[in-house]
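Subject: Structure handover

Hi,

Here is the structure for you to look over. My notes come after it.

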Amino acid sequence: MKYSGAEIIIKLLEIHGIKIVEGIPGGANLPLYNALYKSGIRHILARHEQGAGFMAQGMARSTGLPAVCFATSGPGATNLITAIADAKLDSVPVIAITGQVSSSLIGTDAFQEVDTYGMTIPITKHNFLVKKAEELLSVIPESFRLAASGRPGPVLIDVPKDVQLEKIEVSEWPSVLAVDKPPAPDDKVVREAAMAINASERPVLYIGGGAISAGAGPLISDLALKASIPVSSTLMGIGALASGHPLYAGMIGMHARRKTNEMFREADLIIALGVRFDDRATGKVDEFCPRARIIHVDIDGAELNKNKRVDISVISGLAEFLNDILPLIERNDRREWIDKNFGVCDETPEPGNVEPGYFGPKRLLNLIARYLPGDAIITTDVGQHQMWTAQYYPVKIPRTLLTSSGLGTMGFGMPAAIGAALAYPERTVAAICGDGSILMNIQELAVISEERLNVKVIIFNNGHLGLVRQQQELFYGKNYIASGFSCRPDFCLIARGFGIKSYDLGSADDPEGELEKALAEPGPCVINAPIMGSMNVYPMVVPGGGNHEMIGGEGNAD
Amino acid sequence: MQTKNAKTMEGIVIELEVNNHAGVMSHVAGLFSRRGFNLEGILCGSIGDGSKSRMYLLVRDDEKLEQIIKQLRKLYDVVSVSVRRDYDLALYSRIHEDNKGTKNFT
């Protein structure tokens with residue numbers, strides 16, 4: 001039977017188990033949408049391609065499986081770029097399929113023509129420009145394999161309109177390609193690492209997004225408990241170990257607790273698992289862990305010795321490494337080290353004084369955690385509310401905190417929450433947003449409304465680009481420029497404009513009760529929560545400084 | 001003319017075998033600019049039946065080399081990567097003369 005390129009793409013997406021695709025149609029991908037018309041795949045019409053990309057990310061981050069988004073050529077593709085770059089930096093398996101002008105027009109500066117292929121080389125794991133419909137039979141299965149294998153990442157497939165329309169005979173459909181088996185570690189290196197751990201007096205586990213990707217949380221917990229090793233996580237690794245785990249010491253880095261960063265400074269051995277020694281985690285990298293030997297395990301060999309020279313480097317899947325090393329690890333209670341009590345203590349105060357009529361960020365996050373079901377998925381935008389969430393929200397399950405870490409993209413939270421809600425319609429999803437960030441993709445409220453998704457959008461409203469204001473206060477002589485909003489939109493009114501229920505905790509008689517009611521009610525809502533504009537995230541490492549050079553949060557030392 | 005072009009080349013050669021299609025050069029060159037690596041010269045030609053090409057990248061022999069090699073290995077269309085310290089670099093400086101061959105265009 002003869003199929004067009006567009007029909008082949010849709011058929012192959014079905015074969016790969018894709019049930020939902022987010023995107024926006026346009027001239028150069030209309031054949032693809034015409035083929036989708038006849039398919040059982042559900043299409044979610046985003047209102048901006050960046051939103052579509054983040055919805056696909058929300059699905060991929062919450063499930064761990066590749067998710068697909070569509071965009072047309074030209075502005076469709078360029079609008080998608082931020083979401084793809086975001087997926088690259090956080091290793092998220094997203095497959096973007098873009099329409100391109102017909103082959104004969106490529107290079108002529110045709111209407112809505114841009115070099116999508118060229119522009120996405122540095123922000124994808126790999127990309128394809130498809131020249132013939134026949135190539136789709138290998139490119140699509142290969143893209144799924146690539147996106148999910150090894151260190152996951154985004155793949156872009158650019159398909160000219162004539163290739164979407166080209167009809168070819170397909171007698172047999174290709175099958176799904178198996179994801180590459182993660183590499184196993186070298187025995188000798190495992191023994192060397194085990195010896196280093198057994199000999200260490202003050203070891204620390206430093207875990208990241210790789211721990212989530214590998215599903216290695218339970219094995220990390222086994223190692224930590226057997227050998228009494230405190231664990232600290234990067235922003236990407238939060239949830240690998242449940243908050244409240246006896247050896248969990250919280251997040252590392254720029255907004256870590258003082259005690260957590262001091263733990264790294266005192267350590268004599270760092271066991272780095274699925275991390276990349278990012279500057280927000282390590283601070284000034286030369287001053288990171290000055291007394292420690294370092295074991296670094298990663299599935300991506302290029303991360304080893306990239307930012308920091310280490311003593312023992314292991315190219316391996318984390319589960320493979322941990323399964324191999326666990327039998328070689330001696331039980332050890334490391335009393336002296338563990339008695340320093342690095343665990344997260346719940347008694348930490350608010351980061352500043354809270355005046356009546358405002359929520360303290362810590363109290364607000366504790367209330368949200370109390371009123372949401374245990375399996376709720378949290379997404380965030382980028383800024384102060386994101387760091388407060390990382391500091392105070394008790395994340396208990398892997399893949400229930402979705403946040404733009406590497407690229408730090410404002411506007412991520414709400415569309416990512418849509419994706420998570422599409423992947424898990426039976427669960428509650430809360431998008432924790434800032435009043436700055438929410439405006440960057442607020443158009444996607446239309447999707448929440450149309451699909452009646454169980455998404456609670458909670459806006460931490462402080463009238464500022466808060467983290468910018470904070471840096472201006474602390475490091476730029478309080479020269480506040482371009483960080484305060486004189487227009488303070490009525491988000492509750494905006495929500496109602498989209499047909500979504502809203503709650504203003506600022507004007508409620510019983511804000512706490514109002515929050516409880518809003519979170520308990522099924523279906524979407526927008527919640528506006530007033531936060532003081534002067535509230536900062538503490539403690540904070542001086543940008544460019546070592547992690548021991550922290551400002552504020554002295555009260556948080558315990 | 002000759003004196004300027006004949007300056008001695010320094011560095012080492014990274015030899016790549018790559019799938020021969022239009023995007024490969026962009027991926028390799030893009031990697032160098034994206035990661036801030038220096039690239040002093042490129043020679044490239046197809047091999048065998050034309051489905052593969054071999055590229056010779058002239059780079060500085062410095063602390064970035066290890067990371068360059070690792071990143072090149074990650075490229076989808078790069079089949080193999082090897083470092084050649086024994087190659088004659090004179091070709092890179094002679095390239096303008098050699099290209100003209102025996103015909104004298106100037």
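Predicted model: local features only at pLDDT ≥ 70, side-chain atom pairs only at ≥ 80, totals over all residues.

Residues are numbered from 1 along each chain as its sequence is written, chains are lettered from A and ligands numbered from 1 in the order written, and side-chain values use heavy atoms, without hydrogens and water.

The interface. Chain B puts 14 residues in contact with 18 of chain A (contact: heavy atoms within 4.5 Å). The two chains bury about 1,200 Å² between them, 50% of it on carbon and sulfur atoms (buried area: accessible area, 1.4 Å probe, lost on being put together, summed over both parts). H27(B), K70(B) and Y76(B) supply 46% of the area that chain B buries there.

Two salt bridges cross the interface (Lys or Arg side-chain nitrogen within 4 Å of an Asp or Glu carboxyl oxygen). One salt bridge joins K74(B) to D300(A), at 2.6 Å, N to O. On the chain B side, α3(B) gives the largest share, five residues (helices: DSSP runs of H or I, at least four residues; strands: E, at least two; both numbered from the N terminus).

The sheet. Chain A has an open, parallel sheet of six strands, ordered β3-β2-β4-β5-β7-β6 (strands pair if DSSP finds at least two bridges between them). β3 (42-45) and β6 (126-129) of chain A are the edges. Six bridges join β5(A) to β7(A). T98(A) has D158(A) as its bridge partner in β7(A).

Best wishes
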